[in-house]
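Here is a short report on one protein. Take a look at the sequence and the model before reading on.

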Amino acid sequence: MKLSFEQGIAAGVAGLVATALVAGVLLVDHSAIAAPAEPTAQLQALPAPSGDAAFRDDASHASHASVVFAGGCFWGVQGVFQHVKGVSNAVSGYIGGSAADARYERVSGGRTGHAEAVKVDYDPRQVSYGQLMQVFFSVVHDPTQLNRQGPDHGSQYRSAIFAEDARQQAASRAYIGQLGQAGSYRAPIVTQVSSGQRFYPAESYHQNYMSNYPQAAYIRYYDAPKLTALGKQFPALYRRDPALVPMR
């Protein structure tokens, strides 16, 4: 996801730029998307988390929890989770590296240790952690792709879960094991699971990108199908109006 010219667009005249211009910029920056070779959304239904993977943290009546998911370009990851019922906020950002390097122009080089990621704030009384994992592994990305998703290559596009606490971490590992035993994928899952790393929100022009530029070529080819898959596979979780990041 290269955005050198897009930064100038968003910084100066984001509200006035025609969608066609945005799409044109993305076509230049994403030469691979002219003829997409593979779908980015999984078509098969995955089993629901069970056993240790299915913990619910609503027993304590907590109304807020968070987790950070990394699954390729954060535009699509954010866009999908913004349409999940029970998610109050989904912020695009960087995780896995230092504060000094948490800037797009550095992260996009793939040498800072960061992953493009999305911090998902949710109400456990409305959506369980297990349901969020099921969405993440089924329609958000392909967890068998190592350091890449679709046309984007590099460690910044790796598949990873950065858990908020030990229960989330244990549940994530358990669900990965469950999917492996079920033979849900033809290749091994490469999703990394860790915790305790700081999340840095991305620049404002990256936030709400799918909603702001629905006709951009990259969004239409690679991210819109994920949203369609969310509605088809998880109709009870899908909400039409996204929970957008408040912009100042």
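This is a predicted model. Start at I219, which is found in helix α8, residues 217-233. I219 counts as buried because its relative accessibility is 1%, under the 20% cut-off.

What does I219 touch? Setting aside neighbours within four places in sequence, I219 is in contact with W75, Y209, M210, Y213, P214, A224 and P225. Take Y209 from that list. Y209 and I219 are 10 residues apart in sequence, and their C-alpha atoms are 8.6 Å apart in space.

Now turn to N208. N208 is found in the loop between β8 (199-201) and α7 (209-212). With a relative accessible area of 5%, under the 20% cut-off, N208 is therefore buried.

The side chain of N208 has a polar atom 2.8 Å from the backbone nitrogen of V245. V245 is also among the contacts of N208 beyond four places in sequence; the others are Q78, Q82, L244 and M247.

The two residues can be set side by side.

| Residue | Location | Relative accessibility |
|---|---|---|
| I219 | helix α8 (217-233) | 1% |
| N208 | loop between β8 (199-201) and α7 (209-212) | 5% |

Now the whole protein. It has 8 helices and 8 strands. Of its 248 residues, 54% count as buried. Its accessible surface comes to about 10,800 Å², and carbon and sulfur atoms hold 52% of that surface.

How much of the contact total comes from residues 24 or more positions apart? Such pairs account for 83% of the protein's contacts with a separation of 6 or more.

Definitions and conventions
Residues are numbered from 1 along each chain as its sequence is written. This is a predicted model: local features need pLDDT of at least 70, side-chain atom pairs count only at pLDDT 80 or more; totals for chains, interfaces and linings use all residues. Side-chain values use heavy atoms; hydrogens and water are left out. Helices (H or I, at least four residues) and strands (E, at least two) are DSSP runs, numbered from the N terminus. Buried means under 20% relative accessible area, exposed over 50%, partly exposed in between (1.4 Å probe, protein chains only). A polar contact is a pair of N or O atoms within 3.5 Å; within protein, one must be able to donate a hydrogen and the other to accept it, and residues adjacent in sequence count only if both atoms are side-chain atoms. Contact means heavy atoms within 4.5 Å. Accessible areas come from the Shrake-Rupley method with a 1.4 Å probe; for residues, only the protein chains shown count as cover.
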